[in-house]
Amino acid sequence: MVEYKVAANSVGVVETKYFDFDEIELESGKKIAPVRIAYETYGKLNKNKDNAILLCHALSADAHVAGYYKDQFDEDGNLKVDEKPGWWDNMVGPSKAFDTDKYFVICSNVICGCKGSTGPSSIDPTRGEPYGLRFPVITIKDMVNAEKKLIDYLGIRRILTLSGGSIGGMQALQWAISYPERIISTIPQASSARPSAQAIAFNEVARRAIMSDPNFNKGDYYGKERPRNGLAIARMMGHITYLSEESMKRKFGRKLFKDKVGYDFDVDFQVESYLRYQGEKFVERFDANTYLYMTKARDYYDLVEEYNGRLANAFINSTNVKYLLISFTSDWLFPTEHTKEIVRALQAVGADVSFCEIECDYGHDAFLLETDKQTQIITNFLNRVVEEEKIEII
């Protein structure tokens, strides 16, 4: 039997599981049938089934939040060169923020995703071919409703906490609004109750890049040449919004990629090379149609509009939920003011809300990178919730 060599605080070797159900009705009134949700779990569920943590992923991630797959190791159990763990591995595992020695951690790939859950690349049973753009538009609320079916399937009575950044933070917020009786606390990070016009504008440019690619073929490119250039440009555009000016200055500045300027349109600067690399790498693992659907879901999210112009109305029925909201000083995509708007709305209805702004220069990606400060804040919050709610820890 192979002994896989991983760090002591890693969740180790993991596998993706699948949950299938008959259908889901969407906010648009349309239905998807059947539906598959890809998910992963780490740690153990206690006997009361109330030590579960649901992590919600952002735009380009998936259910693989921590650990490694078997095929990432060689025959001697050594990790292959350049193999990386799940997207939030620095936060999930023994003695980490989401401690798998204490909690049962779950992460699922959202519907409309491209990593195992039903989405535009899935086979439409009525046609026997991939949905493409015939797949119905998905909202954040639809994602949450699908996640709720998974939680029911797992037999979990109440979720101890939900957490996620960006779109994942929107899901964590929406859970408190849609199913307040099923959750004890929630931790939205680097998120918003409604994206700004600027954020929507960046998404639209990215979508235009994809849809203008000659290989896009109105979304029916499966089994053919994919819209690689369009998706790569979309990723480059998006990646710029995830960083900050200071982080780009520190990492790249105006450093040249080669010895001297070429006086042509090839790569001259290191930042150009980095963005091209990010775009090229992304197209190997992500579906262009899913990018369209995910960005549209983020753009549509507007709790202010939905609740008649007053954000506090969204939380009237969820004051039983404990909230921890985290923002980052250098996040200009979802700046701290967006988080403060939510905090003020929660305070207006008397909710139990904690707020922390973390100073760092990582930009919007800070929720993925700023480990130490988040770990301390989240650990303290969860310890309080566990004590107050008398949750039995394994």
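Q: Which helices each supply at least two residues of the lining of the largest cavity?
A: H3, H4 and H7 each do that. Keep in mind that this is a predicted model.

Q: What volume does the largest cavity have?
A: About 70 Å³.

Q: And which residues line the largest cavity?
A: Leu59, Phe202, Asn203, Ala206, Ala234 and Met237 are among them. The list also includes Gly238, Thr241, Tyr242, Tyr291, Arg298 and Leu333.

Q: How does the lining of the largest cavity divide by class?
A: Eight residues are nonpolar, three are polar and one is charged.

Q: How does anyone find empty space like this?
A: A probe the size of a water molecule is rolled over the atoms, and that shows where space is left empty.

Q: How many cavities of 30 Å³ or more are there?
A: The count is three.

Q: What about the second largest cavity, what is its volume?
A: The second largest cavity has about 60 Å³. Its lining includes Tyr221, Arg226, Pro227, Arg228 and Leu231. Val283, Phe286, Asp287 and Ala288 are also among its lining residues.

Q: How many of those are polar?
A: No polar residues at all in the second largest cavity's lining. Six are nonpolar and three are charged.

Q: Switching to pockets. How much space lies in the largest pocket?
A: About 1,600 Å³.

Q: How many residues line the largest pocket, and which lie nearest its centre?
A: The lining has 45 residues. Lys84, Trp87, Arg235, Lys281 and Arg285 lie nearest the centre.

Q: Which elements give two or more residues to that lining?
A: Helices H4 (228–242), H5 (245–251), H6 (270–282) and H10 (366–369).

Q: Which one gives the most?
A: H6, with five residues of the largest pocket's lining.

Q: How many nonpolar, polar and charged residues are in the lining of the largest pocket?
A: There are 20 nonpolar, 11 polar and 14 charged residues.

Q: Now the second largest pocket. What is its volume?
A: About 200 Å³.

Q: Which residues line the second largest pocket?
A: Leu133, Phe135, Val137, Glu204 and Arg207 are among them.

Q: Which helices give two or more residues to it?
A: H3 (197–211) and H7 (288–300) do, for the second largest pocket. The largest share of that lining, four residues, comes from H3.

Q: How do the residues of that lining divide by class?
A: Six are nonpolar, none are polar and four are charged.

Q: New topic. What is a disulfide, again?
A: It is a covalent bond joining the sulfur atoms of two cysteines.

Q: Which cysteine sulfur is closest to that of cysteine 360?
A: The sulfur in cysteine 356, at 11 Å, so again too far for a bond.

Q: Is cysteine 360 buried or exposed?
A: Cysteine 360 counts as buried, because its relative accessibility is 12% and the cut-off for buried is under 20%.

Q: What about cysteine 356, what is its relative accessible area?
A: Cysteine 356 is at 21%, so it is partly exposed.

Note on methods:
Residues numbered from 1 in each chain as written. Predicted model: local features only at pLDDT ≥ 70, side-chain atom pairs only at ≥ 80, totals over all residues. Heavy atoms only, no water. 1 Å grid on protein atoms, 1.4 Å probe; cavity = no way out; pocket = protein on both sides within 12 Å on 5 of 7 lines; lining within 4 Å. Points joined across faces, edges and corners; volume = space filled by probe spheres on them. Nonpolar A, V, L, I, M, F, W, Y, C, P; charged D, E, K, R; others polar. Buried < 20%, exposed > 50% of the residue type's maximum accessible area, 1.4 Å probe, protein only. Disulfide = S-S within 2.5 Å.
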